[in-house]
Amino acid sequence: MNNLIRKLLIFKLILFFSMPILAFSSSSFLISQSAFKNHDYPLALSSFTNKNVNLSTTKLLDKAISAVIIEDIDLAQKIATEILILDDWNQEAYMVKLVYLYVSKKFNKIKEINTKLKDKNDLVEFIFFNNNELKDKKLISKSLVDIVVSSFSNADQNSLNYNFLLFYTSLAKIIDTTNDRATLIKGELFQNIKKPKVAEETFLKIEPASTYYLEAQRSLAINYSNFLSYDDAQKKIKKLLLNNNNNYELKKILADFYRVEKKFELAISLYDEMINQKVDDLWNIFYRRGICYERLGNWDKAEKDFITSLDIKPDSANVLNYLAYGWVEREIRLDQSLQMLEAAYQSNPDSYYIIDSLAWAHFKHNNLEEAARLMEIVIDMAPGEAISLDHLGDIYYAMNRKREAVHFWQQALELAEPEDEIDEDVQSKLNKFNAG
């Protein structure tokens, strides 16, 4: 296991820092961002012909990666051959060549090529070989997926090269067409790059007999909730629910969809059903139902649900925050609220929502210096958060820093969304100040 972890850390460097490794030189990070900005791989191939020998290695590699992602290994191999004429040890082209040889059952050719290499490559060794013996297709496919999963989980999400991740995931699928884990991950990658139609088509390839079927159905439901209109998403998610025996996780996705869409009564009816099922995450369902009650203005029921949630799971930072903030806003149980928010902050110190609540609790306790310090941290973390800007304005006003207060109230008014529900209050404060 330690050896595997060590190798996967090596691959992290390979994938994200584009370091040359042994005899290979990787061109992956020279891929033109503009060529792939829309991740439309069929279109990227549309103008390519085998006679395009004047294309640069980088442009050819764009085409090879696109061909792999649409799972046309024959075309990918032809393009890779052109690349290898220009660059003997281009890593991705070489990987395509090895996969092509494998699916063509030319196993001895792979062994022969590997034997002739002067320097062994850790990546190739990990994917294709085990103690110098060629792996079977399932193990090779699994190794390719392991590289993608390790790279995805260890990288800054903003720096991910999705072309590269889809390339390796697709190679895994080409090697072993039964690898539904690769199919699921491929669909999720397309979902992440906002290609919902392609993601849907990918998830639908996973058959009901697969161990990944329900997970694919859940990913489909999330895909619909994120990218379709309300009516279409509701219709499709409800159909998934019907076709999957009222599956609990699918029901949760539908309930959460209703909550996000502010259909709170519909969400509550589903959360009621889920609470009666008494599953392991009961604390979470009480919390979510409590949010719905709070948004409907029924604080008594919301408070009861939050307290019940904490009775089941006392250390939930989000529930502590939501309940304590509700009390602070109503100026009740202020001492208990402050203690709860301190606990929530210790549990999750990077949440600006919790820091905002803690700052507001200090404000209500008249601890103005500490309230200002904490709220300034929030503004640094989330400069466009209108409610926090409004809060900081209130804190500064109480500290007699009135011009600064007006500045932040004005910013809050400019940035407020309708769901923030602060426009009238902020405008009223500005009018009073101007009148004074």
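Predicted model: local features only at pLDDT ≥ 70, side-chain atom pairs only at ≥ 80, totals over all residues.
Local features were taken at pLDDT of at least 70 and side-chain atom pairs only at pLDDT 80 or more, whereas totals for chains, interfaces and linings use all residues. Residues are numbered from 1 along each chain as its sequence is written, and side-chain values use heavy atoms, with hydrogens and water left out.

The protein chain has 25 helices and two strands, assigned as DSSP runs numbered from the N terminus (helices H or I, at least four residues; strands E, at least two). Of its 436 residues, 50% count as buried, that is, under 20% relative accessible area with a 1.4 Å probe and protein chains only, where exposed means over 50% and partly exposed lies in between. Among the contacts (heavy atoms within 4.5 Å) with a separation of 6 or more, 54% come from residues 24 or more positions apart.

The axes of helix α17 (residues 282-295) and helix α19 (residues 317-329) come within 11 Å and cross at roughly 25 degrees; axes are lines fitted to C-alpha atoms, for helices over the stretch in contact, with angles running from 0 to 180 degrees between N-to-C directions. On the α17 side the contact is made by Trp283, Tyr287, Ile291, Glu294 and Arg295, and on the α19 side by Asn318, Val319 and Tyr322. These residues divide into five nonpolar, one polar and two charged.

Tyr322 also takes part in ring pairing. The structure holds 16 aromatic pairs, counted for rings of Phe, Tyr and Trp (its six-membered ring) with centres within 6.5 Å; planes under 30 degrees apart are stacked, over 60 edge-to-face and the rest tilted. The rings of Phe306 and Tyr322 have centres 5.0 Å apart and planes at 40 degrees, so this pair is tilted. Phe306 lies in helix α18 (residues 299-312) and Tyr322 in helix α19, 16 residues apart. Phe306 is buried at 0% relative accessible area, whereas Tyr322, at 22%, is partly exposed.

Leaving aside residues up to four places away in sequence, Ser337 touches Ala324, Trp327, Val328 and Ile332.

How values were computed:
Nonpolar A, V, L, I, M, F, W, Y, C, P; charged D, E, K, R; others polar.
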